[in-house]
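I opened my notebook beside the model today and jotted down what I looked up. Here are the entries, in the order I made them.

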Amino acid sequence: MREHWSSRLGFLFAAVGSAVGLGVLWKFPYTVGKNGGGFFLLAYILCVILIGIPVLIGELMLGRRAQRAAIGAFQKKWQIAGYFGVVSSFLIMSFYSIIAGWGISYIVMSLTGFYQSLGDKSIAGVFELLSHAGGITIFWSFFFTAITMGIVMVGVRKGVEYWSRIMTRTLFVLLIILFVSGLRLSGFEQAVRFIFVPDPGAFTFSSALEALGLAFFTLSLGQGIMISYGSYLSKKEKIPVMAGVIGISVILAAILASLTIFPVIFTFDLSPQAGQGLIFKTLPYLFAQMPGSLVLSTLFFTLFVFTALTSAIPFIEVVATNIMELKGWSRKKAVIVTAMLTFVIGIPCALAPSGALFSNWTALYTMNFMETIESLVFIWFVPLAGLLTTIYIGWAFNKEEAFSELHGSSRRFMLAWHFMMRYFIPLTIILIILQKSGVIDVDSWF
Amino acid sequence: MSKLREHWSSRFGFIMATLGSAVGLGILWKFPYTVGENGGGLFLLTYLICLIVVGIPLFMAELVIGRSTQRAAVGAYGALDTKGKGWKATGWFGVLSSFLIMSFYSVIAGWGMSYILMSLSGFYEGLSLDEVGVAFKEISSSGGISLLWHFIFTLITMSIVFGGVRKGIEFWTKHMTRILLILLFGFFLYGIGLSGFSDAVSFIFKPDASEFTVTGALEALGLAFWTLSIGQGIMISYGSYMRREESIPSMAGIIGGSVLVVSILAALTIFPIVFTFGAKPEAGYGLIFETLPLLFSQLPAPMILSTVFFTLFVFTALTSAIPLIEVVATNLMEQYNITRKKAVMMVGIGTFTFGIPSAFAKTPHIFPEWDAIYGMNFLETINVLVSNWIIPIGGLLSAVFVGWFMDKKVCLEELNTSKWLFRVWYFFIRYLVPLMILLIIAEKSGLIG
């Protein structure tokens, strides 16, 4: 008997928790500014609504219809789509746990009150120390993986749903607390302008594609997750409504996150720079300047870790349940093996910055081990999974069967959705893949 | 739950087990060095206040939670959280604390074991005072040796917990705690005659405002939690083995009073030694290892005294470590439906492994960059994390749950006592305990001056 979510809210918390990940918390904020503020935000919202939500509807529908995890949800010849998704989840988990582990480390650092006493160069230097300390990085990543594993092992209701509920709720509370504490900062106004005011100069067509890609990733699509979560959904829920709620929650979280991080940066007159540097170098330095830095810093990194956890849970869940279905293993066995394997793959990632392992990697592949896996996943696997999924649903999957799953919506809506899945969305995904892999450059067309 | 739950065979058994848990961990080890680091008098007063305002009410609350549900921490909160709002997580806080504490505590207890062997091998012969003091540095910076003792201690603790509540825990703690208290009193009497005794008395009792900083309040709070073994799921488990006829308020009174007396006794035993031989009160978690051998080396038959003392130290370390493993194991047993044997094995392996960096904390062999990133070594980091944060926050959540979300009737039934006393307790749990903890946390984080 397949487990099911105990309630609608349980599913929503788990799905929103999965979607609101590190992509929403830090990738989105710095991408907004870099790509023309208000225009980008508008583009992102449009993409979530026009692309993200339809694909989300498709994945949920597939999962619930088949009552199977990703791979089994597809018919025989199309299962490669499921495989791409599952492998993506697996690979993402391996480096995600490294970054999340750093987040845990920063919670501990905040609590011991040590880093706050260092000067700005030393604070940034601490991150260098940490990321180059292979042993310590592996230690925290193991801890994070173990927690995730423990939660998933317990099952869908008592594990995934129960903890996602607690953490997603806390996540939003923390986000609001941090947001409110940022209202009084002098940089708040500037942050609002930065995010909402359109800057035509910085917005290009590659920005539009960036918004598209981001909309896709921030909804946990193309990773087999929403198919799995859909398979636990009770038949009476209305999928389009669920998808709408999830989409809007993600947009809200993204805006809140930006309005939390940027006031801090602008108050201290810094320019927002991209990447892990922002979260682990700039923000800690800024927190240290503010009153109550210990609390702020701890709250922020707790938010960071909870965000990561609610996204990591489905990574392990997805891989494990697919293994369970394909090989007939028990949940316990599948979860433990999955967790161990992601941890093992994560070891070269942990050692990547210090170059302690595979020291020739960067010379061969132009980026370090962790970055290589990241690009493989985000440029190829996830978009391919998404592409194949939408083509499958739009062309191979029985239209009326799909429509019967989407009960409660008007026929016009369903036809429009089907049109998107058939033509518009696959085309745009192909565009993303070509752009991100450097085959084309849309900006040069105009 | 069809299995009949074990219970303490007598009130005395329960008191000894609880006191045993408190004495080794909190009183002999943590209390003296924390008082030393925070400058005596005023700190002791803060500790006393925390004990009375926060410690005792929470102690009673944990017993209530345990006995009313007859479950270990996680299951207990789960059962009482009738609306399923996620309070079970509070139970896991305690389990996490116990796990983390056990991981480094067995390293420290392991050093105690090492001192037994050192005493037997004639360690004291012909050594000067300085050399005796330096010995601790040597052993704590020897990763391999620390690891060995850490392993042995973990193994012994595990085997006792295998035996269950009556045959394992109650049996051993009854005897060990009794003997330790007698010995402690003996040393105390001897210490009165030492030259440093009056210095010790003024250090401990005289308030010296210049020494006491605001950070001391959080340490005092953490200490109150340690010496009462609360915030770790222990008293919930111990409460679940209590019989319905016992009076929780009188238990709390007896234990609270005993803890206070024994704490001061321990301080009045150790600090005269510190001041007589010119050791540093702020020595940190190694204080007991650096001061007591000094005393022994000056006494006749140092080998016997030292062996006896450290054997007893290890015994009481055991009575503190046993509940730590017990708590984590029983919660796993109840939540995941595994056997006691399997659970204890998992926990033992887990705490041992997690404790490996602690065993090597003073060496550069594992995590050499740790000190530069966290400002203190691995063992100290985990210690600070648990004592100053995880346990107090767990206590805060406990108090809020009991005072605001739990069915008041359950408390009334369990604390079958005078109306006046109940109202006082309930008021404390509802308002004073959370307020006090929040205030102290706010102070520590620089939110208020």
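**Entry 1: a phenylalanine in a helix.** I began with A:Phe262, which sits in helix α12 (residues 239-267) of chain A. For helices I used DSSP runs of H or I with at least four residues, and for strands runs of E with at least two, numbered from the N terminus. A:Phe262 has a relative accessible area of 0%, so I logged A:Phe262 as buried. My cut-offs were under 20% relative accessible area for buried, over 50% for exposed and partly exposed in between, with a 1.4 Å probe and protein chains only. I also noted that A:Phe262 and A:Ala191 are 5.3 Å apart from C-alpha to C-alpha, although 71 residues separate them in sequence.

**Entry 2: ground rules.** I am reading a predicted model, in which local features need pLDDT of at least 70 and side-chain atom pairs count only at pLDDT 80 or more, while totals for chains, interfaces and linings use all residues. Residues are numbered from 1 along each chain as its sequence is written, chains are lettered from A and ligands numbered from 1 in the order in which they are written, and side-chain values use heavy atoms, with hydrogens and water left out.

**Entry 3: salt bridges.** How many salt bridges does the structure hold over all chains? I found 15, taking a salt bridge as a side-chain nitrogen of Lys or Arg within 4 Å of a carboxyl oxygen of Asp or Glu.

- I looked up A:Glu317 and A:Arg331, whose side chains form a salt bridge at 3.1 Å, N to O. A:Glu317 is in helix α14 (residues 293-327) of chain A and A:Arg331 in helix α15 (residues 331-351) of chain A, so the pair ties together parts 14 residues apart in sequence. A:Glu317 counts as buried at 1% relative accessibility, and A:Arg331 counts as buried at 14%.
- In chain B I checked B:Glu414 and B:Arg67, a salt bridge with its closest N and O atoms 2.6 Å apart. B:Glu414 belongs to helix α17 (residues 408-414) of chain B and B:Arg67 to helix α2 (residues 41-69) of chain B, so this pair ties together parts 347 residues apart in sequence. Both B:Glu414 and B:Arg67 are buried.
- I then noted the salt bridge of B:Glu326 with B:Arg340, at 3.1 Å between the closest N and O atoms. Both B:Glu326 and B:Arg340 are buried.
- I also wrote down a salt-bridge network that links A:Arg64, A:Arg65, A:Lys235, A:Glu401 and A:Glu405.

Entry 4: Most residues other than glycine have a negative phi. A:Gln67 is in the loop between α3 and α4 (70-73) of chain A and is partly exposed, with a relative accessible area of 25%. B:Gln70 is in the loop between α2 and α3 (73-80) of chain B.

Entry 5: Which helix of chain A holds A:Leu42? I placed A:Leu42 in helix α3 (residues 38-66) of chain A.
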